[in-house]
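Thank you for making time for this.

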Amino acid sequence: MYLGMDIGTSGVKAVLVSEAGAILATAARELALSHPAPLWSEQDPDAWVDAATGAVDDLASRHPREVARVAGIGLSGQMHGATLLGENGRPLRPAILWNDGRSQAECAELERRCPSLHAIAGNLAMPGFTAPKLLWVARHEPDIFERVAKVLLPKAYVRYRLTGEMVEDMSDAAGTLWLDVGQRRWSETLLQATGLDLRHMPRLVEGSEVSAVLAPDLAQRWGMAKGVVVAGGAGDCAASAIGLGAIAPGDAFLSLGTSGVVFRVTDRFAPAPASAVHAFCHALPGLWHQMGVMLSAAASLAWLSGVMETPAAALLAPLGERVDGPSPIKFLPYLDGERTPHNDAAASGAFVGLRGATGRGEIVQAVLEGVAFAARDNLAALSAASAPIVEVDLVGGGSRSPLWAQICADVLGISVHRVEEGEVGAALGAARLGRLAATGEDPAEVCTRPRRLASFAPRASVTAAYDDAYRRWRALYPALKESA
């Protein structure tokens with residue numbers, strides 16, 4: 001048996017996976033976000049640990065015999081979060097998360113201090129990344145900065161609490177702006193640009209390698225044998241790729257989670273910072289990937305659900321499984337700023353075209369389409385960076401909706417496939433990495449593709465209308481930014 005844990009933004013998921021690769025059971029715990037100031041987004045690191053151990057407690061209570069047979073554990077996690085630890089290994093402040101936009105000025109400072117940043121890290125300096133957050137702490141909370149002994153990402157902090165070891169994998173480390181992504185090692189040049197050095201960084205391993213062993217007290221608590229290995233694991237997107245079997249160059253998927261991602265596997269380090277495309281290490285040795293990232297995907301629908309005090313499913317139900325064309329309303333899904341292609345932490349959301357006769361259904365449809373248009377921006381950025389993407393698997397919470405899948409196909413102009421276990425892809429990928437660490441098997445034998453539940457092709461009857469709607473939607477961001 002193998003256990004995967006995904007340390008997400010809104011919650012932690014744990015999955016128990018059999019030798020045959022089937023998901024036997026799942027458990028989840030919710031997490032709270034804190035926004036103490038505009039553009040700020042923080043979480044209590046210990047809440048991740050409590051949620052992770054609570055989810056496994058749940059699995060162990062319901063499936064004690066299966067959990068007792070766990071041989072390998074894998075971790076997936078939200079990327080970029082700055083978890084600052086003192087000499088005693090305790091957090092010095094709440095973690096600053098991936099969707100925190102406070103460090104825009106520090107990004108400009110980092111670019112100025114380190115002209116080789118793009119060549120080494122393969123990415124623009126963006127407020128979501130970890131390095132600018134440390135410059136912000138150094139400037140605004142110097143007493144805390146002086147006490148920083150280690151900087152960990154969210155899943156690395158959970159690993160530390162599960163094993164006592166401070167270790168990070170290549171895929172998650174690539175999102176810090178401190179990794180030499182092509183060489184797969186920490187860059188002393190990039191660390192020095194933020195006032196840090198190698199002593200502040202955890203040890204690096206590949207995602208499929210053994211990183212540590214589960215602490216004996218937790219093994220006893222869950223009824224496991226001694227010596228259960230914990231894999232390096234992966235950042236959430238790379239872990240989702242492992243869960244989808246996306247391990248060959250050209251494999252691609254679209255994730256509609258809290259944030260949204262268009263992801264493509266590459267066999268080399270292929271940076272394209274001019275278009276705000278991310279170039280990171282994959283979770284397996286010798287592989288990399290490119291990503292276009294939107295900060296509010298399913299989060300946009302969740303926001304609308306909260307404002308309208310109506311569950312998301314109830315908002316979607318009246319629209320059915322397909323619409324006859326674009327909504328007359330346009331929605332910019334920049335509720336937390338945007339990365340690809342704008343790299344603008346100050347970008348904001350907007351509805352355009354509202355009239356007295358506008359109904360709720362048109363607004364709901366506009367939110368789905370706005371996210372799909374943002375995904376098209378991402379697709380265009382990746383296609384400009386290298387070969388076009390011709391089809392994608394769909395994962396994340398948004399993958400539950402056939403309507404959203406069809407809208408994505410119509411807007412993107414490519415086939416979109418809903419897949420089995422698409423909502424737990426990152427946790428499943430983490431479990432697979434745990435298996436690889438425990439057994440040393442060939443990744444191609446373990447990281448198989450899930451069964452496709454349904455495929456959605458672009459409909460000729462609406463694609464021209466969506467092309468026109470996208471062109472008009474694309475003009476909104478620069479117009480609104482100019483008038484702000």
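This is a predicted model: local features need pLDDT of at least 70, side-chain atom pairs count only at pLDDT 80 or more; totals for chains, interfaces and linings use all residues.

The domain assignment of the chain gives us two parts to talk about, domain 1 covering residues 2-232 and domain 2 covering residues 244-482. If we take the centres over the C-alpha atoms, those of domain 1 and domain 2 are separated by 24 Å.

How do domain 1 and domain 2 meet, and how many residues of each are in contact? On the domain 1 side there are 53 such residues, and they are in contact with 40 residues of domain 2. The size of an interface is often given as the accessible area lost when the parts come together. Here domain 1 and domain 2 bury about 3400 Å² between them, and 66% of that area is on carbon and sulfur atoms.

Looking at the side of domain 1 that touches domain 2, several elements give two or more residues to it, including strand S1 (2-7), strand S2 (11-17), strand S5 (72-77) and helix H4 (117-121). The residues on that side divide into 27 nonpolar, 20 polar and six charged.

Let me now move to salt bridges in the structure as a whole, where a search finds 30. One of them, which I would ask you to find on the screen, is formed by the side chains of Asp46 and Arg161, at 2.7 Å from N to O. This pair links distant parts of the chain, since Asp46 sits in helix H1 (residues 45-62) and Arg161 in helix H7, 115 residues apart.

The whole structure also holds 14 aromatic pairs. In the pair of Tyr157 and Tyr160, the ring centres are 6.3 Å apart and the planes stand at 50°, so this pair counts as tilted. Because Tyr157 and Tyr160 are three residues apart in helix H7 (residues 154-163), about one helical turn separates them.

Leu39, in the loop between strand S3 (23-30) and strand S4 (42-43), has a positive phi of about 75° although it is not a glycine. Further along, Thr340 and Pro341 are joined by a cis peptide bond with omega of about 5°, and Pro341 lies in the loop between strand S20 (330-332) and strand S21 (350-352).

Asn343 also has its place in the loop between S20 and S21. What does Asn343 touch, leaving aside its neighbours within four places in sequence? It is in contact with Gln104, Leu124, Ala125, Met126, Pro127 and Glu338.

How values were computed: Residues are numbered from 1 along each chain as its sequence is written. Side-chain values use heavy atoms; hydrogens and water are left out. Domain bounds come from an automatic or database domain assignment. Contact means heavy atoms within 4.5 Å. Buried area is the accessible area (1.4 Å probe) that two parts lose on being put together, summed over both. Helices (H or I, at least four residues) and strands (E, at least two) are DSSP runs, numbered from the N terminus. Ala, Val, Leu, Ile, Met, Phe, Trp, Tyr, Cys and Pro count as nonpolar, Asp, Glu, Lys and Arg as charged, and the others, Gly among them, as polar. Rings of Phe, Tyr and Trp (its six-membered ring) pair if their centres lie within 6.5 Å; planes under 30 degrees apart count as stacked, over 60 as edge-to-face and the rest as tilted. A salt bridge is a side-chain nitrogen of Lys or Arg within 4 Å of a carboxyl oxygen of Asp or Glu.
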